[in-house]
Amino acid sequence: MNTATGAPPDYFAKSGQNWGFPTYNWEEMSKDNYGWWRARLTQLSKFFTAYRIDHILGFFRIWELPDHAATGLCGKFRPSIPLSQEELLGDGIWDFDRMSRPYIRQDMLEEKFGSLWTIVAANFLHEYQKHCYEFKEECNTEKKIITKIKTSPEKSLWLEKEDSIQRGLFDLLQNIVLIRDPEDSTKYYPRFNLEDTSSFRDLDEHSKNVLRRLYHDYYFVRQENLWRQNALKTLPVLLDCSDMLACGEDLGLIPACVHPVMLELALIGLRIQRMPSEPGLEFDIPSKYSYMTVCAPSCHDCSTLRAWWEGDEGTRSRFYKTVIGSDKEAPSRCTPEVVNFILQQHFDAPSMWAIFPLQDLLALKDKYTARPAAEETINDPTNPRHYWRFRLHVSLESILEDKDIQASIKNLVTSSGRSFPGKKTDKA
């Protein structure tokens, strides 16, 4: 119970996600052939014909964080093959303390905290040699920093700047390139996006090149067979215990082994156009989706179609030009015409299922877009205080009376060849 589970940085969260609950102990659950999972799915099959496996990547490997972490950045995959001290020494990497402890210099403090830097240094840091700092014992983790900012007798000194100071201190704490294994001090894990750190940038060129190679090897090469075998221990047991159709949410940082395993097990995947599954693309192409997929313009864990469109001018301009194919300036509002185009792409896709959040369907008509688009998001996985609070701003009765919106949706369904309920016939 001394670790937490989350996800590494991806489209959803640039600093990763920390979900706060313990990592599953798969070894323990395997002792009764995953009885808890089998019982749960057997019961669910009495009520449902299909289900969605959230974060199916967790059956291959899970992003594990120390329990003292508040963010999801400085974690490691479990299971995974770490970098050994012997391996690093063989490549000329020897200064493990320099690379695994927060790299803090006076010029960084001045840049991050401005005139408050001396106050921050006095309260949170210790100068162990000239211009070089380390965190004090009482604030050397993210959770300790949060507590000290809130409870310190000196907190009046940074009043109304708590958030910026916390972010700055977190940045310093995360300014490392290697994470030492807490259970084996001779094992290390490359910090995610290590090249973004000043700790990395201040290294010599040889060390940088070695760490770049080992980073790629750790995240994209050496784990593939291990992760494949890990998934094949558990997923078949779950899939065999019911007749329900299973969809695996396979978004984010996808290991190469995931899609072959899903294909082997006849698991359908999830496709969101703004989160392309193919490298090198900014936007997925729904017409090229596999039949073994569920496609959707948005989902509960991200912004709606309107909020996404209106959130970034550069993104919508590129989409308008490359996907819609227009040389005109992209409208700042996600107009019903734009919505119709995007929805039509998804209805026409080869995917087995096309599923649409009600918010995206209602955006087909201006009448339903008066509400600020940002308020339509169901869940923000990066914010533990924002979850499942969305409430529809119109009644179902009013939608049932709106023949125009019904006709628009029906036209999308029928023109794409997807099934829809037929008319009732009068009995003789």
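Author: The centres of domain 1 and domain 2, taken over C-alpha atoms, are 39 Å apart. This is a predicted model, where local features need pLDDT of at least 70, side-chain atom pairs count only at pLDDT 80 or more, and totals for chains, interfaces and linings use all residues. Residues are numbered from 1 along each chain as its sequence is written, and side-chain values use heavy atoms, with hydrogens and water left out.

Reader: Into which domains is the chain divided?

Author: Domain bounds come from an automatic or database domain assignment. The chain is divided into domain 1 (69-223) and domain 2 (268-416).

Reader: Which residue in β12 stands opposite alanine 50?

Author: Strand β3 runs parallel to β12 (residues 245-248), and 4 bridges join them. Opposite alanine 50 stands leucine 245.

Reader: What kind of aromatic pair do phenylalanine 283 and tryptophan 308 form?

Author: Rings of Phe, Tyr and Trp (its six-membered ring) pair if their centres lie within 6.5 Å; planes under 30 degrees apart are stacked, over 60 edge-to-face, the rest tilted. The whole structure holds 27 aromatic pairs. In this one the centres are 6.2 Å apart and the planes at 80°, making the pair edge-to-face.

Reader: How many residues apart in sequence are the parts that this pair ties together?

Author: Phenylalanine 283 lies in the loop between β13 (268-272) and β14 (293-296). Tryptophan 308 belongs to helix α13 (residues 305-311), so the parts tied together are apart in sequence by 25 residues.

Reader: Is tryptophan 309 buried or exposed?

Author: Buried means under 20% relative accessible area, exposed over 50%, partly exposed in between (1.4 Å probe, protein chains only). Tryptophan 309 has a relative accessible area of 0%, so it is buried.

Reader: Which ring lies under arginine 101?

Author: A charge sits over a ring if NZ of Lys or CZ of Arg is within 6 Å of the ring centre and within 35 degrees of the ring normal. Arginine 101 is 4.7 Å from the ring centre, over the face of tyrosine 128.

Definitions and conventions:
Two strands pair if DSSP finds at least two bridges between them. Helices (H or I, at least four residues) and strands (E, at least two) are DSSP runs, numbered from the N terminus.
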